[in-house]
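Keep the sequence and the 3D view open as you go.

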Amino acid sequence: MSKVFGFAGENDFCPGGAIYTNLKEQNHFLSVSRPVDVYFPLRKRSRISAPFVFTEERFEQKKQASIEVLPDECLFEILRRLPGGDERSACACVSKRWLSLLSNICKDELCSQNESAEKNTRVKSEVEDEGVEGDGYLSRSLEGKKATDIRLAAIAVGTASRGGLGKLFIRGSNSSQGVTGVGLRAIARGCPSLKVVSLWNLLSVGDEGLSEIANGCHKLEKLDLSHCPAITDKGLLAIAKSCPNLTDLVIESCTNIGNEGLQAVGQHCTNLKSISIKNCPAIGDQGIAALVSSASNVLTKVKLQALNVTDVSLAVIGHYGKAVADLVLTSLPNVSERGFWVMGNGQGLKKLKSMTVASCVGLTDTGLEAVGKGCPNLKLFYLHKCPFLSDNGLVSFAKSAVSLESLHLEECHRITQIGFFGSLLNCGANLKAASLVNCLGIKDLKLDLPELSPCSSLRSLSIRNCPGFGDGSLAFLGKLCPQLQNVELSGLLGVTDAGFLPLLENCEAGLVKVNLSGCVNLSDKVVSVMTEQHGWTLEVLNLDGCRRITDSSLVAIAENCFLLSDLDVSKCATTDFGIAAMARSNQLNLQVLSVSGCSMISDKSLPDLVKLGQTLLGLNVQHCNAIRSSTVDVLVERLWRFPITGNLLEVLVSSWPSFPENTVAKFWFQCTSEVCPYQAFSSFVFVIMFLNVMVGSVFSSKGGLPLLHHPCETGIYKSRHGFDKSRHMRRGLEPGLLNEGYSDSSCLFV
C-alpha cells in the first residue's frame with residue numbers, strides 16, 4: 001500500500017498536488033475485495049462505466065462482452081440456426097450487418113433442427129396471407145430512391161417466411177446508391193420461388209446480378225429488362241440455361257444485348273409465349289428468327305419496335321408463327337413491301353386475331369391485301385402512320401378480312417372518304433367498331449351512291465380530329481350504319497345540326513353513349529331531338545366545349561333521360577337555371593356530373609348541387625370562377641353527410657389556396673365520425689389521390705401527400721390511437737425499413 005501514496009507527477013490520481021494533508025487517511029479507501037483496493041478521492045471527476053482497478057501499478061477498465069466482436073463467419077453460423085422466419089426477421093432489424101448476413105443465407109443452408117417450428121410459422125403466415133395473394137406468393141415494387149440494395153435484402157428476409165416472393169418490380173433512378181448485383185444476389189438466395197422479375201433503368205446492374213437471379217431463381221417465368229445498358233448477351237445466356245420455364249421476355253433499350261443472347265433463349269426456353277423487343281440496335285434478323293422458329297407452336301404474342309430487322313424477320317413470322325395471336329410491328333424502317341407480302345403469303349398466321357402496324361413505310365396496298373388474305377381469323381386491326389396506304393388497299397383488305405370486328409385508322413393521310421366508306425361496306429357481317437383519327441385526307445364530298453345494303457353490324461363509330469369531315473359525310477353514315485349505339489364525334493368543326501339530325505333519325509337501336517366534345521357548331525336543337533328519340537337508352541353524354549349548348553338542353557335532359565348516369569357540360573353556356581332544372585327532376589339519377597369552366601354557374605346553385613349529390617359519385621366544378629371557395633367547403637361538407645355504400649365520392653375543385661388546409665381536414669373528420677371508418681377512409685384516400693393529380697400544384701407546394709393504402713393493410717388508421725410496431729412483423733414487414741428513418745405513420749410496406 002505504501003506505493004499508492006508515493007506517486008508524483010503524471011501518474012498522480014490528483015494532478016496538481018495532494019488535496020488532503022494526511023495522505024494516509026484510511027476513510028478515503030473503500031475495500032471491494034481482499035486482494036483489490038479502489039481509491040475514491042472526494043472530487044468531481046468524469047463519469048466512467050467501471051471503477052479503476054489497481055493491479056501492480058496498472059489500472060485497467062473492464063470491458064463488456066458484445067456479440068459484435070464475433071467475425072462474420074461465426075455470426076453467420078449463429079443466424080442460420082434461428083428457429084423460424086419471425087426470429088430471422090427480428091434479428092435483421094438489429095443492424096445492416098445482420099441484415100446483410102441473413103440475406104446471404106440460402107434456404108438449403110438453414111438448419112433443419114426446428115422443422116416443427118418452421119412448419120408452424122409457415123402455416124401461420126399462410127393463414128395471414130389468405131385473400132391477400134391469390135397464388136400464395138407476394139409481390140414487391142421499388143421505385144426511385146427506394147430502390148436500393150438494403151431494401152432488396154430486407155425484402156429477401158421478410159418474405160421468406162410468408163410463402164416466398166413471387167413478383168419483383170424495380171424501377172430505378174440515376175442515384176449513386178441504386179440497386180447493384182449485391183441486392184439481386186440477396187433476392188436470388190432468399191427468394192427461390194421468384195417467377196416475375198422486372199428491372200427498369202438500373203445502370204449498375206450487369207451480367208453478374210442477372211446471373212445471380214438465374215442461379216437462384218429457377219422458376220422464373222417472366223423477365224423484363226428495360227434501360228439496363230450494363231447487361232449483355234452473357235447475362236441473358238445465364239437466364240436461358242438456368243430458367244427453362246421462361247414464358248415472357250421483354251427487352252427494351254438494352255444496347256449491349258444482341259443476337260447471341262436471343263439465340264440462347266430460343267435454344268433453351270422452348271415454352272416462350274410472348275416476346276417484346278424494342279430499341280435494341282444490336283438485335284437483327286438472326287435473333288428474331290431464332291426466337292420465333294424455336295417456339296413455333298407456343299409463341300402467341302410478338303412485338304417488335306424500333307429494330308434493324310429486315311424482310312427476313314417478317315418472312316420467318318409468316319411461316320413459323322403458327323400460334324401467334326397478337327402481332328405488333330412498329331417503326332421498322334428496313335422492312336419493305338416484300339416483307340409484308342411474304343408474311344401474308346406464308347400461310348402461318350392462321351390464328352392471328354390482333355395486328356398493329358405503326359410507322360412502317362413498307363406497308364403498301366399490295367402488302368395489306370396479302371395480310372388480309374393470309375390471316376382469315378383477324379378480328380382487330382390497327383393502322384397508324386402508314387403514308388403509302390391508299391383507298392384501294394384498304395378496300396381490298398376489307399374484302400379479304402372476313403372476320404374483322406374492329407378497324408382503327410390513325411394518321412393515314414392518303415385514306416379518303418371513299419376508302420373509309422368502302423371498307424365499311426365490304427367488311428362483312430362481323431364489323432362492330434370503326435375508328436378514324438386525325439386523317440387529313442378525309443374531305444366532305446357529296447357522294448351519289450346507288451342503293452347499298454347497310455352495315456347493320458356496326459355498333460360503335462369514332463371519328464376524332466378529322467377537319468374535313470362534315471355534314472355530308474355524317475348524313476351518309478347515318479344511312480349506312482342504322483344500328484349505331486356508341487357515337488364519338490370529337491373535334492369536328494364542320495359538323496352542324498344539319499348533319500347530325502339525320503344521323504339521329506336513322507339510328508334504330510337507340511344511342512347509349514354519345515361524345516360530341518369540341519363540336520362547337522352544334523346547338524340545343526340536337527340535344528332536344530336526341531333526348532326525345534333516344535332518352536330511353538342514353539347513359540353517357542359528353543358535350544364538353546359545345547359553346548352553343550344552353551340551359552334548354554339541361555331542361556330536355558332532365559325531362560327525358562332517366563337512365564343517364566354520366567353528363568359532361570364543361571365549357572358550355574349553362575347557368576344556375578339549368579342546374580336547378582336537373583335538381584327538380586325526380587327521375588334523374590346522375591352519378592357523374594362535370595360543369596368545369598361554366599363561368600355562369602354561381603353560389604346560387606349550392607342547394608341544387610347538394611340535392612343532386614344524393615346520387616352523385618363524381619362532381620367536377622373546376623374553373624367555375626363564380627363559385628367561391630367557401631361555397632365549395634359547404635358543398636363538400638354537405639355531400640359527405642349522405643351515406644356511401646360501396647362507392648367512392650370524387651369532388652374536383654379549383655386550386656384555391658385555402659382548400660388543402662381546411663377542406664381536407666373536414667374530409668377526414670367527416671369520414672371517421674359519420675361513415676364507416678374503413679370504407680370512408682378508402683373514399684378519402686381516393687379523393688386525395690384524385691385531387692393530387694388534378695390540383696397537383698396545391699399539394700406540391702405543401703410538400704405533397706404520402707402514399708396511403710387501406711388501413712387494414714398498413715395500420716395507418718390504428719396509428720391515430722397508438723401504433724404497434726410488432727403488428728408490422730406479424731403482417732410481414734421487411735426488416736431494416738424501421739432503421740432508415742421512416743415514421744410509424746408512413747407506408748412501411750414495400
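**Exercise 1.** At what angle do the axes of helix α17 (residues 497-506) and helix α18 (residues 524-534) cross, and within what distance do they come?

*Solution.* The model is predicted. Start with the axes: those of α17 and α18 cross at roughly 0 degrees and come within 10 Å. Now classify the angle. Angles under 35 degrees count as roughly parallel, so α17 is roughly parallel to α18. Next, find the contact. α17 contributes Asp497, Phe500, Leu501, Leu504 and Glu505. From α18 come Lys525, Val526, Val529, Met530, Gln533 and His534. Last, sort these residues: six are nonpolar, two polar and three charged.

**Exercise 2.** Describe how helix α15 (residues 417-426) packs with helix α16 (residues 471-480).

*Solution.* Take the angle: about 10 degrees. Take the distance: the axes lie 12 Å apart. The angle is under the 35 degrees cut-off, so α15 runs roughly parallel to α16. Then list the partners. Gln417, Phe421, Leu424 and Leu425 of α15 meet Ser473, Phe476, Leu477 and Leu480 of α16. Sorted by type, the contact of α15 with α16 has six nonpolar residues, two polar and no charged.

**Exercise 3.** Locate threonine 574. Is threonine 574 buried or exposed?

*Solution.* Find the loop between β21 (566-568) and α20 (576-584); threonine 574 sits there. Its relative accessible area is 0%. Buried means under 20%, so threonine 574 is buried. Now look at what surrounds it. Setting aside neighbours within four places in sequence, threonine 574 contacts Ile549, Thr550, Asp551, Leu554, Val569, Cys598, Met600 and Ile601.

Key. Residues numbered from 1 in each chain as written. Predicted model: local features only at pLDDT ≥ 70, side-chain atom pairs only at ≥ 80, totals over all residues. Heavy atoms only, no water. Axes fitted to C-alpha atoms, helices over the stretch in contact; angles between N-to-C directions. Helix = DSSP H or I, 4+ residues; strand = E, 2+ residues; numbered from the N terminus. Parallel < 35°, antiparallel > 145°, perpendicular 65-115°, else oblique. Contact = heavy atoms within 4.5 Å. Nonpolar A, V, L, I, M, F, W, Y, C, P; charged D, E, K, R; others polar. Buried < 20%, exposed > 50% of the residue type's maximum accessible area, 1.4 Å probe, protein only.
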